[in-house]
Structure formats: C-alpha cells, structure tokens
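User: I would like to learn how to read a structure feature by feature, with the general idea before each case. Could you take me through one?

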Amino acid sequence: MGRRWTRPGPFLLVLLCYGQLLSWLRTENAQSPDMSYNESEVKAFLQNYERTAQVVWNKFMEATWNYVTNITKKNRGEMLHEDMERSQHILFFGTQALLFNITTFQDPVIKRMLRKMQNMGKAALPVKELQEYNQLLAYMETMYSMAQVCLEEGPCLYLEPDLQEVMANSRDQKELLWAWQGWRDAVGRPLRTFFERYVQLSNKAANLNGYKDMGALWRSKYDSENETNTLQHDLELLFQELQPLYLNLHAYVRRALHRRYGPQFIDLKGPIPAHLLGDMWAQSWVNILDLVLPYPEKPLEDITKIMKGQRWKPHKMFQEAEKFFTSLGLLPTPMEFWSKSMLEKPADGREVMCHASAWDFYNGHDFRIKRCTEVTIEDLLSVFHQMGHIQYFLQYKDLPVIFREGANPAFEEAVGSAITLSASSHKYLLNVGLLSLQFQDSKDEVNFLMGIALEKIAFIPFGYLVDLYRWKVFDGTIHKNFYNQEWWSLRLKYQGLCPPVPRSEEDFDPGAKYHISASIPYLRYFLSVVLQFQLHEALCRASGHVGPLHQCNIYNSKMAGKLLEDALKLGSSKPWPEVLKMMTGESQVSTKALMTYFKPLMNWLVTENVRQGEVLGWPEFSCSFEEKEKNTFLGLELDSDQAKTGQWVLLVLSFVMFLLVLMLGRRLYILSTAQDTKAYFLGMAMEPHKVARGQWILLGLCVLLLVCSISLAIKIFTQHSQKPLWMTAEWWGLN
C-alpha cells in the first residue's frame, strides 16, 4: 500500500499547502512498526492530520451536497473526484498510523485517535477497485433516488412524496399493490445486477482493514474498549425482550385489518400482507391509525389538518424545532444553515435526492439539512429528529475531526428521537397550538400511545433484520442465488409479514430500501429506538418531571439541556458506555424505559387480545415464493433464462431451415422441368432423377425441422407471453 504514495498527485499538493510533511511519513519498506515514537511526535502527526482533514473533508462534503441537490453528470464527476481525494487522505494517514505501536503510549486520547485512524474503510481498496466501488455506490443511490412508477395512462410518480402518499392514504388494496409492486420493479430488480459486485468489493475493503467481512467492520463501531465483543448476542437479547410488545401489537393490528379487508386478504393466525400497513416498507404503521384506534369514539385530533389550517410552512417547522433546542439552553443554528439548507423540494426542475439527512461540513460553522419537507405532523417530528443531528454537530464542532461523530452511530440517531418524544407529547402540542383538547383521560392516553407504538414498536423487528440480513450476505451465509428468498424469510420470522404477491429471485426487494441501495448501516436505527427512551427518561428525571413517562415534556428545562449538552460535547472522544452512564447512570442499552413508557398500552393490548382470543405470532405459516424456474434443455437442467436463450437460438436455426425448404422446393421444381442430362447434388454430378431423390430427402428433413420450429415458437410464447401473438384477439383485430 505504501508504494501508492511514490507518485505526487492533487492530494499531495493539498498536504504541502496546509502542513509540512513530517519526517516519519514514508513508505512501508522504509520504516518498521517496531520503531518507537514519543508522544510529542505523535501529537505533531495528529495535528498535521487535523489541518489537512478539515480541508479535504469540507471539499468532499461540498461536492457531494452539490450532487445530491442537483443530480447532473458534471456534479457526479466532481463528487467522485473529491471522494477519491478523501480516500487518498484516509489511506495516507491510516497507513502511517499503523506504524505506531499504540500500546507504548500513555495518553488515552492519542491511543483512541490512532485506533480510529487505522480503520480506513473503503479507502484501503486498490485505486481501480476504489473507483469502481465509488461509481457503483453512486449509481445505486442515484438509481434509487430517480426511480419512478408510471401509471398506464397518466404521469410517472416518484417515491417522495407521490408513492408514499398512496401508501399512507389509500385504502384500496389494488392501488396499494400497484404502488408496492411498481416501486420494487422500478428499483429492486435493476439493483440486483450490481449488488453482488458491491458485496465482493465491500468484503475486500473489510479484509484489507483486518476484518473478516464488511458486516464485522460495521459492527466494530459498537466495540467497547477492553471488553469482549458480545454485540450480536446482546442484540438478540434486546429483541427477545421487546418481542412480547410487538407480538401483541401485531395481533391487534392484524384483526383490525381483517375487519377492513376481509378474510381473503388477512388470516387471523397468519402473517400480514406487507402492502396494507400504510408504509412502502411496513416499517411504520402510523398511517393506518384510523383503522386500529383502540377507542374510535374518541378520535385523535388531525394535527396535519390543523397545521395546514394555520398555514404552517416548512420553514416554520424548522424554526419551531430550533426554538425547542434553544429553550433547553442549547446552541442556535448559524445563519448559514438557513441560507444553504434544502428544506423543501426545489421547484426549478432540478433532480434531487429527497431522503432526509443532516450535514456537517467540517469547518465549524456550516451545517445543513436536506429534505423535501411536507406540512404534516410526521414531517414535523422528523424535522425535530434532523435538528437533533444539527445540535450534535454544533456541540462537538471544536473537537478534532476524527472525534466529530456520535458516541456510536445509534447515539447520533437517538438524540433527536429523544427530543421528538417530548415534541409529540400532549403538553407540548397543546402549548404550540396544535391541540385543543385540554386534558387526556385514560382512553385518550391509550389512543395516544397507540399512535406512538405504530411508529416505534412496529419498527423494532424491521430495524433489527435489515443489517442482520446484510451481515449474512457479507459472511456468505446467504448465497447470491437466494438473496430475495432469505430477505422474506427474515421478514416473516421477525416481522410476521409476507409479500402480497409471489416473489422470485429475479426480484431484489431489499434494494427497494434506501439504506441498502446507499450502503448505509442500519443497526443504528434499531438501537436508537431503545436508546431514545433511556435518554428521554434521563432528561425527564433531570427536568424534575413527575408522573407517567409518556406525559413528560422537557421543553424549557435548562437542567435537562445541560445534561444533554455535556454528553453531546464529547462526540466520539469517549467510549460510548461511558457517555451513556454519564447521562443515564447505566453503561448498557436497556429496554426498561421503553417498557415503562408503553406499559399502559401493553396492559390494554394484552387484555384486548385475550378477550378476542388472538393467536400471538404466525405459527406454521410461510410466504409464497417462486423459486427460480429450472427447465430441461437438450438434456441439461438450466435456469429459465439460460434455457430461454437456447430455445431462441434453436428457433433461429429452425427458421433458417425454413428458408432452405423454400429454396429446395424451388430447386426441385426447376429440376423437374429441366432437360439437362446431368445435374449436381452436394457438389457431385448425377443423373437428374437421382439428384431429385436426394433433394426430396433433404426437403423432408427441412420440413421436419420446420414443424419443430413452429412447436418451439409456440412453447416460447406460451412460457413467456402466455399466448403466441397470432393466438390473441389483438393480432386479428378483433378488439
């Protein structure tokens, strides 16, 4: 790897401009890791990294922002160029960091920085493969963002907001199926072609970093220093603790859908069809709250309708979120945030990536959000979540670049989500004028908690299985020939869902989820569901809240704000268990706070399910899955695509024989009327009657092949188009 640095390039110019190259930055062959360095030398090395990293990372973020907010070939090229520059920077300093013997240093900060620097991610790939990997990732993400599903007679619809609105608001099973299947046909199927190569390059990058596969590299983000890594075991235990709540919610929702759609679509002992839950991925069920409300005689107020009636705009939604954070004594967003963020989908015709995200530009003052905000209560709470990311950026902006991230990836997600628990409380929404009902009785509270559960509890198994699936793909447990089948096996096992129509290995339904097409680890979201309630409980305790946890609103609590601020300022400079203990008094992720929050709903669900005689789970049920069809061709068992190709080749040859039949027929006619005493057959001179006999034999063989060609054509059309064209009414103009 060191030899790649023998030729100067654009990146070295950056280094020369922003810091002198230190004497120890040399090739592997010139230096041994056994050589010792004192801590002052290491500090100088780290300072040089800091100066250059801020420049390189800022350029990369700017180029990436330009691309995702204006998808053009030119912007993509600039983004890929800056990504290569960033990777060269990571490789350059990561390679040198490997030369240091970390065990000889006393300063824990230095040791932690070097360990983080030694993990070079995809930058460890050889240049050509890195370029291929970057192009592959850019292509998959762009394909996802620009995909459309077209009506037979009408416009083509993007995922956001068009298809999402269909999934959220429609109660027509056929329309929901059209959107569900159309999105997977538009995105999943095309991505399958590239996913196998993506897996290969990901694993090679992981191997070069010392990990057995990319799943192991992703999991390393949650490693605790000086502790045995039991992450996968701990995750399964967390899921098992939460499963009773999910199973009771699933059974209750299943019966409500049975009432709405009937037994032809819902089996009261089976899995739920994935397209009927109000969301493209069935990860959130909140959009079907109207179908499952425990006490329909006490409907929740339509906050989205109230917001629109009060003429809320996306800008106001972000202002309200900022007001919440500043009420806690936390930092306001800089002016650049408001001038540079993309808070709405542009109306100027630009192609953009609408998936919501928060951005740190690594210069200490430029922070942005990109999202296509709609005026809905769901988007309002999402805005609070994204502003939580911005607050995290603001708090750790003065740390070294390598520490400018959350204590672990789940912390980054949990901070904003913990704030949304207060922002969704009855007390807060009443104070900002989005509710009119002054008090909640026990029935109102159960209805309220059901709405939260459809967002949080329904997500738990999905949040868990997305990376469980990819870990199995990366380590080879799931073979490439069973990508889609194993995806649905996990969705059945953990979520109790089935596809609404049979799926096959020609489909690639995992690719219909953004985080899979964009190669973004997903475990953070599963853990953050649990962690946000731990943080919420700790912040409520600091604020002096007394009463049920679901009634807590920390708005305007400076004590809660101080507790949060002290944790956010640490970034990733401390092991995450230390940060968690500082905030909550516990060093491990725990489900206790979540179970406490939902206890009134859990009690109600158990009582209701017992009363209805519900079966929890989906025992002995399986999903309909079409295995890749095998066909016999010339005595060989081949995939349907291979057999189809062979059949078409034979069909073409048969049509060639048909032409020969015509030519031979014409030849025989001429021969029968000729007066010549000599004729030729296969290049040999013969008497005319002998030539005629030979050609009649050939003609017979050709006719036989012609009959075969007609039979083969009928078989091909029957297999792949249901009917041959000439057997349809349209062919004969009867329709």
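**Contacts, helix packing and disulfides**

Analyst: Leaving out its neighbours within four places in sequence, Q391 is in contact with F325, L330, L331 and L568, where contact means heavy atoms within 4.5 Å. This is a predicted model, in which local features need pLDDT of at least 70 and side-chain atom pairs count only at pLDDT 80 or more, while totals for chains, interfaces and linings use all residues. Residues are numbered from 1 along each chain as its sequence is written, and side-chain values use heavy atoms, with hydrogens and water left out.

User: Where does Q391 lie, and does Q391 count as buried or exposed?

Analyst: Buried means under 20% relative accessible area, exposed means over 50%, and partly exposed is in between, using a 1.4 Å probe and protein chains only. Q391 lies in helix α14, and its relative accessibility is 2%, so Q391 counts as buried. Helices here are DSSP runs of H or I with at least four residues, and strands are runs of E with at least two, both numbered from the N terminus. For the chain as a whole, there are 27 helices and 12 strands, and buried residues make up 55% of the 735 residues. Among contacts between residues at least 6 apart in sequence, 74% join residues at least 24 apart.

User: How should I read the packing of α12 and α14?

Analyst: Two packed helices are described by the angle between their axes and the distance between the axes. The axes are lines fitted to C-alpha atoms, for helices over the stretch in contact, and the angles run from 0 to 180 degrees between N-to-C directions. Here helix α12 (residues 314-327) packs with α14 at an angle of about 50°, the axes being 9 Å apart. The two helices are therefore oblique to each other; angles under 35 degrees count as roughly parallel, over 145 as roughly antiparallel, 65 to 115 as roughly perpendicular, and the rest as oblique.

User: Which residues of α12 and α14 meet?

Analyst: From α12, the residues M317, F318, E320, A321, E322, F324 and F325 meet D379, L380, V383, F384, M387, G388 and Q391 of α14. The residues of this contact divide into nine nonpolar, two polar and three charged, where Ala, Val, Leu, Ile, Met, Phe, Trp, Tyr, Cys and Pro count as nonpolar, Asp, Glu, Lys and Arg as charged, and the others, Gly among them, as polar.

User: How do α2 and α4 cross?

Analyst: The axes of helix α2 (residues 39-68) and helix α4 (residues 108-118) come within 11 Å and cross at roughly 50°, and α2 passes α4 in a left-handed crossing. On the α2 side E39, V42, K43, F45, L46 and Y49 take part, and they meet I110, M113, L114 and M117 in α4. This contact comprises eight nonpolar, no polar and two charged residues.

User: How many disulfides does the structure hold?

Analyst: A disulfide is a covalent bond between the sulfur atoms of two cysteines. The structure holds three disulfides, each assigned to a pair of cysteine sulfur atoms within 2.5 Å. One of them joins C150 to C156, with an S to S distance of 1.9 Å, and the torsion about its S-S bond is about 100°, so this disulfide is right-handed. C150 counts as partly exposed at 42% relative accessibility, and C156 counts as partly exposed at 31%.

User: What is the handedness of the disulfide of C354 and C372, and of the disulfide of C540 and C552?

Analyst: C354 and C372 have their sulfur atoms 2.0 Å apart, and the torsion about their S-S bond is about -80°, so the disulfide is left-handed. This pair links distant parts of the chain, 18 residues apart, with C354 in the loop between α13 (335-340) and β4 (357-360) and C372 in the loop between β5 (367-370) and α14 (377-396). C354 counts as buried at 9% relative accessibility, and C372 is buried with a relative accessible area of 8%. C540 is joined to C552 at an S to S distance of 2.0 Å, and the torsion about that S-S bond is about -110°, so the disulfide is left-handed.

Notes:
Left-handed = near helix turned anticlockwise from the far one by under 90°.
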